[in-house]
Amino acid sequence: MTRRWIPLLIVGLSWGSFAGCDNGSDGSDVAELPAAPTTILVERGIRYFDVYEGRGGEPTMFRFTPGDGANWPIVVLLHGGRQTGGSMEGAARALAERGLLVYAPTYNIDLWRVGSEMVESGQWAGEVLLGDLACAIRAARHDAATQGGDTDRLVLAGYSMGAAFGATVAIVGDDPELTTRASGGCVVQEGSAVPSAFYGWEGPYDWDEIAEGVFPRLVELAPDAIRARGPLPHVATRSPDGLIPFHLQSGDQLYRSVSHADHLRAFESALTAAGWPVWSEILPGRVHTDFMTSPGIPESYDLIAQIANDPTAR
């Protein structure tokens with residue numbers, strides 16, 4: 001595999017992304033990872049809504065704590081379509097074993113079953129999803145402060161659709177028009193939803209490419225609303241001050257006839273053109289579901305740990 005660092009300013013899971021590049025590093029700028037903890041503590045059912053008004057049941061979070069210690073970097077890990085936070089337990093445990101405080105929220109992402117009345121009422125999942133994810137990030141950051149987490153080092157990591165929606169949240173951050181919940185009450189109203197860095201595995205970032213095939217009913221009923229929830233329309237709208245680093249990975253195998261490597265390249269190109277720090281890698285032989293199925297992708301988990309320990313490291 002080859003890697004390259006794209007020098008800009010600096011550097012979640014069903015449909016998420018990374019492409020082969022060399023940063024020319026001798027390893028001296030890579031953060032040293034802490035020793036693996038012997039015990040992982042798991043807490044389920046952590047609420048991030050006081051009151052939830054939306055489709056499906058109230059979403060909650062899993063928390064994976066690396067046992068004794070403190071000052072852990074934080075990862076908010078987003079699952080893919082038709083999944084839950086529990087779907088990510090294998091990856092979450094692997095990250096916690098690398099000394100990271102991991103939050104895996106369940107969120108309602110049911111974009112496949114939708115009727116016209118839901119679109120018209122604004123209750124289809126994508127309409128409120130960005131606000132839900134912003135609530136989860138703020139709640140994770142707030143909770144982490146009580147659990148020994150380092151709130152200045154929070155990586156938002158996404159798999160598949162979690163990578164696509166997560167990338168949008170990472171870009172628009174605290175934009176009230178896109179990430180403020182129209183109804184329902186977030187447990188944590190204050191603080192920022194902007195992460196220190198973003199990681200995506202095989203995200204379908206180019207919604208113009210996938211929308212008609214994946215969301216035909218939504219495209220018919222609300223084409224502008226659908227595309228506004230993807231990351232590409234927002235890449236060039238942000239101020240160059242404080243742009244966070246993006247790390248994108250993908251396998252080189254098709255998944256359900258979709259080339260996530262092509263999505264990675266399109267997203268990487270847009271980020272680069274707009275001045276965002278971006279690093280990408282395509283892993284030969286890897287397929288879409290490898291990230292969340294045993295034995296996972298150890299090199300990707302190592303990368304997330306390096307990013308989390310030093311979000312600005314190249």
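The protein contains 10 helices and 11 strands, taken as DSSP runs (H or I of at least four residues for helices, E of at least two for strands) and numbered from the N terminus. This is a predicted model, in which local features need pLDDT of at least 70 and side-chain atom pairs count only at pLDDT 80 or more, while totals for chains, interfaces and linings use all residues. Residues are numbered from 1 along each chain as its sequence is written, and side-chain values use heavy atoms, with hydrogens and water left out.

The average pLDDT (the predictor's confidence in each residue, from 0 to 100) is 78, and 71% of the residues score at least 70. Some caution is welcome at residues 1-32, where pLDDT stays under 50.

Of the 314 residues, 58% count as buried, meaning under 20% relative accessible area with a 1.4 Å probe and protein chains only.

Two strands pair with β6, pairing being assigned if DSSP finds at least two bridges. Strand β4 (residues 60-65) pairs with β6 in the antiparallel sense over 4 bridges, and F62 stands opposite A104. The pairing of β5 with β6 is parallel, over 3 bridges, and here V75 faces V102.

The buried residues of helix α10, among them Y301, L303 and I304, pack against several elements, including β5 (72-78) and α1 (89-96).

Definitions and conventions
Contact = heavy atoms within 4.5 Å. Buried < 20%, exposed > 50% of the residue type's maximum accessible area, 1.4 Å probe, protein only.
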